[in-house]
Amino acid sequence: MISLKPNLEAALHSCPSCKTDLTARKWLIPGMRNLAEFECGICDREFYGDLSSGQALYTPILLDKQSGSTIHDGQAEWFSDWLKESFAKRISEPLGFEVKRFFALKDKVVLLNCLDTLYGHSLLKLLNAQYYIDHRPDTSLIVIVPPFLTWMLPEGIAEAWIVDLPLSRGIEWNDWLAHKIESLLEPVPEVYLSVAFSHPHGDCFDIERFSRVKPFALGQFERKDLPVVTFIWRGDRLWETPDHSDGRLGHLIRRLSVSETAGDQTQRIIRFAECLLGEYPDLDFAILGIGEAGGFPEWISDLRLTNLKADTERAWCERYARSQIVVGVHGSNMLLPSAHAGSVIELISADRWGNYLQDILFQRSDPREFLFRYRFVPHSTPPEELSSIASTMLRFSRFRRLMSPEFSKHKEKYDLETFVLTARDNKIN
């Protein structure tokens, strides 16, 4: 936690001119940024600088108040550009702002700011809430969220401040909002800011506390009488043909021929499903994600929607939790599917390998089972090859007999019949 009041604990920034450590004067939260005002006692220059929360834990940015220019080490220019742009276009206009109170506030409050311009960033910040609920009973947790996250608010928070700020305006700097937040916290003696890890460790949260949906239990691989596979559709990041996957040509096609490549993706998904259907005649295959339904054969359930509501998102999580495998292209669209499904196949383009694993919420298991259940392949992988990978993963019972802890660790007595492999182990039981 980072102290905001009565004492401000600010990240260490130095003056770009004289290299003197800057002095923090006050804090403000005008949107997704958690900032402090700084001044240089030597140069009399004034700055805004990130507090150590979220992305700013790793790449804090400093902004010159007079020129509006940013100072950073080059590690995250996109994050610097967001601050520069938001400051240049800062506003002071009222926003929709709703306070939901669940418990009376204590004298010590923790603020978790989940506002952002990217869906995945907002969701991942929210997962930090469980730590304070479970381990800091001396504090009250206040969560600042956009409306689309309210369905995932966990039990135990003291208040939710719902700010009507869409993702498209997520980088916005709004002085009205900063003043609103400051005024609401005025009566509280001690206020702290959550560090809001960008990628909280899986040991620190239980996804069921947020979605109210119990994830897939590994034992269900053995109990299921048919395989359930779900492809996560994303219209702006596609499973593309090899000729379209990389380089300048791929970039041009993505910009100018989205419908054409979306059609390619549709055909690849159909072919992938057909290959699985040939091996598993009772296959339950579905497409799920943001998009207009249509273009798939009737035996494929097309569950895509253009507008989401809380009950829809929870129903989607229930589908993930019934799926032995979820498949999709790298991105925040894979966060909730990976958190609930039995296993994951992710298609990654060449330009996304630097973000490897950042969109996956892992379920704990034995290391060998873990490696079996999570597969990452180039997004130019042909449907036939992807089907072969998926088919192998659906034979989880065979894998367990050979490598899971219960079948591979020494003990006093063994039930030898449980080790025997049969033809049944090559299919879903």
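1. Lys19 has a positive phi of about 65° although it is not a glycine. With a relative accessible area of 59%, Lys19 is exposed (exposed means over 50% relative accessible area, buried under 20%, partly exposed in between, with a 1.4 Å probe and protein chains only). Pro6 is found in that loop too, between β1 (2-5) and β2 (23-28), and the peptide bond from Lys5 to Pro6 is cis, with omega near 10°.

2. A word on what you are looking at: this is a predicted model, where local features need pLDDT of at least 70, side-chain atom pairs count only at pLDDT 80 or more, and totals for chains, interfaces and linings use all residues. Residues are numbered from 1 along each chain as its sequence is written, and side-chain values use heavy atoms, with hydrogens and water left out.

3. How confident is the prediction? The protein has a mean pLDDT of 87, and 90% of its residues reach 70 or more; pLDDT is the predictor's confidence in each residue, from 0 to 100. Please take care over residues 251-257, where pLDDT stays under 50 and the model has seven contacts beyond four places in sequence (a contact means heavy atoms within 4.5 Å). Where pLDDT is low, the predicted coordinates should not be read in detail.

4. For the overall picture, the secondary structure comes to 14 helices and 17 strands. Of the 429 residues, 49% are buried. Among contacts with a separation of 6 or more, 65% are between residues 24 or more positions apart.

5. The largest nonpolar core has 87 residues, and Leu111, Leu126, Val143, Met152, Ile181 and Leu185 touch the most other members. Strand β9 (residues 140-145) gives this core its largest share, five residues. Apart from it lies another core, of 32 residues, including Leu283, Phe296, Val377 and Phe399. Such a core is a set of buried Ala, Val, Leu, Ile, Met, Phe, Trp, Tyr and Cys residues joined through side-chain atoms within 4.5 Å.

6. Leu185 deserves a look of its own. Beyond its neighbours within four places in sequence, Leu185 is in contact with Lys5, Trp27, Val109, Leu111, Ile142, Trp161 and Val191.

7. Which residues does Ser211 contact, leaving aside its neighbours within four places in sequence? They are Trp151, Arg314, Cys317 and His340. Ser211 belongs to helix α5 (residues 208-211) and is buried, with a relative accessible area of 0%. Its C-alpha atom is separated by 9.9 Å from that of Ala310, 99 residues apart along the chain.

8. Arg212 lies in the loop between α5 and α6 (220-223). Arg212 has a positive phi of about 65° although it is not a glycine, and it is partly exposed, with a relative accessible area of 38%.

9. Is Ser387 buried or exposed? Ser387 is buried, at a relative accessible area of 4%. This serine is found in helix α12 (residues 383-394), and beyond its neighbours within four places in sequence it is in contact with Phe272, Cys275 and Leu276.

How values were computed. Helices (H or I, at least four residues) and strands (E, at least two) are DSSP runs, numbered from the N terminus.
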